[in-house]
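Dear colleague,

Please find below the structure that I am handing over to you, followed by an account of what was found in it. I would be grateful if you read the account with the model open.

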Amino acid sequence: MGKTLKGNCGFSVSENATGSSGWENTTTNQTNIATVNSDGDVMISCTLEDGGSGMGITSVSVTGIDGETVLTKAQYLEEISAPTINYDPTTHEVNIVSGSSDAYGEVTTYYTLTGDDPTKTDDAYSTAFTLTESCTIKAISISNLTGKTSNVVERTTTLFKAVLDYVNEKGKFWAETIDEWNHMWIHENDNKYFIFEVQYIAEKDEGNPMVSLSVPSNPGTDWCARSLVTGTHVYIENGLQSHFIERNDSTGEYIDLRIGGTMNTRTSKGEDNEDFTPTGNTFYVKFFENKLKRAELGYSDMDATIVDRSYWPQNYPIIRLEDVMLLYAECVGNTKDGYAVLNKIRTRAGLDPLSRLSAEEFQEAVANERRYELAEEGHRWHDLVSKEQYVEAIRQMFERDDKTVDGTYRAFIPRVTKDMYLYPIPQSQIEVRAGLYKQNPGY
């Protein structure tokens, strides 16, 4: 075995070895090497060998220049216990209890808040501190005498928990049932379920533009007057659509009950007199307060108040409780708390609760749930980019969904690069002064 011992000076290292014949031999290790490191500490490096079959080290002593024994064999082989990171989610205070070892005397604990492994060059812990943002804390205890280190420990702390505790205490922002969840997308319930939302009203150019931009140009007069939408028609990606239209083999009911509040499940005449059905060209209805949707939920026809396509009044959520819950689940991983918040959202939607997933499987489940729960709310691009999955996901989509004879969409695959993680600088800004800006790569 090899050990490196650090002290002030004057160490000698002896080993007592017992052979198979029972004899005992005490020698001074002749392979000691003393060097002075950059901190001015004397480094004693000794290698203690088992000595072959039948021979084992029975004792090790490290003796100072004054003859005092510094370390016994048991102490020499002892590990430094790892520190403990304590976090109070109510006050966001962090307290770190240092590791310890009888052999190595006092230790100093170092920590980072960046997720990097700590070293002696990082902050030394001395007193409790308060977090102001979510982070991953890592800590290590290092012997002041020898430089021996403990294992690195880590804890992910998140301020999302404070939001969840507040919500549970106040009973705010959460729709208990899927029926209540569907009512959440009606403008009469604005400022009730969203933590932060962009305000819209039914007045000229004061309405929610997402509605007219995501609905076909002629969804049918049983939905709304044709003049109330522009017809950009944001299609639901095939993979997402496949999830929502999956039905229970026994009952024939949709498995994910959010389907009716998310996408078109009704057959009606639309563009070119074609039927829009759940298995056809589906579109989002989450922000589309059409006549059919309002009638089904018990609200009156409001077409008379929607003078043109700029009048749609439903607010647009920027931060929703379910967003915070799923971010929290992502942070704490496949723990009891992680499963609790993930399954709370899933079971409300009629999906089975999850359990016993690997760390990777759990993260994938959270990512999928964000896609289902937060559809059409502007999160998907950011979720993919933050995990550096955007390029692969979009390339796979073009490959998988291209049904054209000449491969029209597959031709786009080489154009999808990491350059797309940044938006282009607006041309109007580039033209402010020649040479002031250089356009981002890829544009």
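The helix and strand names used here refer to DSSP runs numbered from the N terminus, a helix (H or I) having at least four residues and a strand (E) at least two. With that convention, α9 is followed by Gly350, whose phi is positive, near 90°. Please note that the model is a predicted one.

Overall composition

The chain contains 13 helices and 18 strands. It has 443 residues, of which 42% count as buried. Of the contacts between residues at least 6 apart in sequence, 60% join residues that are at least 24 apart.

Helix α8

Helix α8 covers residues 321-332. At 1.5 Å a residue, its 12 residues should span 16 Å, and the 17 Å between its end C-alpha atoms agrees with that expectation. How much of α8 is enclosed by the rest of the structure? Nine of its 12 residues are buried, so the helix is largely enclosed. Those buried residues are Leu321, Glu322, Asp323, Val324, Met325, Leu326, Tyr328, Ala329 and Val332. They pack against helices α2 (160-170), α3 (178-183), α9 (336-348) and α10 (359-373), and against strands β15 (194-198) and β18 (316-320). Just after α8 comes Gly333, with a positive phi of about 70°.

Helix α9 is 13 residues in length, and its first and last C-alpha atoms lie 18 Å apart, close to the 18 Å expected at 1.5 Å a residue. Its buried residues are Gly338, Tyr339, Val341, Leu342, Asn343, Ile345, Arg346 and Arg348. The elements that cover them include α2, α3, α8 and α10.

Two packed helices are described by the angle between their axes and the distance between the axes. For α8 and α9, the axes come within 8 Å and cross at roughly 145°, and the crossing is left-handed. On the α8 side the contact involves Glu322, Met325, Leu326, Tyr328, Ala329 and Val332, which meet Asp337, Gly338, Val341, Leu342, Lys344, Ile345 and Arg348 of α9. By class, these residues divide into eight nonpolar, one polar and four charged.

The crossing of α9 with α10

The axes of α9 and α10 come within 11 Å, at a crossing angle of roughly 35°. This crossing, too, is left-handed. From α9, the contact draws on Gly338, Tyr339, Leu342, Ile345, Arg346 and Arg348; from α10, it draws on Phe362, Ala365, Val366, Glu369 and Glu373. Six of these residues are nonpolar, one is polar and four are charged.

Glu369

Glu369, one of the α10 residues in that contact, deserves a separate word. Is Glu369 buried or exposed? A residue counts as buried when its relative accessible area is under 20%; Glu369 has 0% and is therefore buried. Which residues is Glu369 in contact with, leaving aside its neighbours within four places in sequence? They are Arg258, Leu326, Leu342, Ile345, Arg346, Leu351 and Leu374. Leu342 is 27 residues from Glu369 in sequence, while their C-alpha atoms are 7.9 Å apart in space. Among the contacts of Glu369, Leu326 is also one of the buried residues of α8, and Leu342, Ile345 and Arg346 are among the buried residues of α9.

An open sheet

Elsewhere in the chain, four strands form an open sheet in the order β11-β10-β13-β14, with antiparallel pairing. Its edge strands, each pairing on one side only, are β11 (123-124) and β14 (153-157). Strand β10 (residues 107-112) runs antiparallel to β11 and is joined to it by two bridges. Tyr110 has Ala124 of β11 as its bridge partner.

Two loop residues with positive phi

Most residues other than glycine have a negative phi, and most peptide bonds are trans. Asn191, which is not a glycine, has a positive phi of about 65°; it lies in the loop between α3 and β15. Asp205, also other than glycine, has a positive phi near 60° and is found in the loop between β15 and α4 (209-214). Asp205 counts as exposed because its relative accessibility is 56%, the cut-off being over 50%.

With kind regards

How values were computed:
Residues are numbered from 1 along each chain as its sequence is written. This is a predicted model: local features need pLDDT of at least 70, side-chain atom pairs count only at pLDDT 80 or more; totals for chains, interfaces and linings use all residues. Side-chain values use heavy atoms; hydrogens and water are left out. The expected span of a helix is 1.5 Å times one less than its number of residues. Buried means under 20% relative accessible area, exposed over 50%, partly exposed in between (1.4 Å probe, protein chains only). Contact means heavy atoms within 4.5 Å. Axes are lines fitted to C-alpha atoms, for helices over the stretch in contact, and angles run from 0 to 180 degrees between N-to-C directions. A crossing is left-handed if the near helix is turned anticlockwise from the far one by less than a right angle, and right-handed if clockwise. Ala, Val, Leu, Ile, Met, Phe, Trp, Tyr, Cys and Pro count as nonpolar, Asp, Glu, Lys and Arg as charged, and the others, Gly among them, as polar. Two strands pair if DSSP finds at least two bridges between them.
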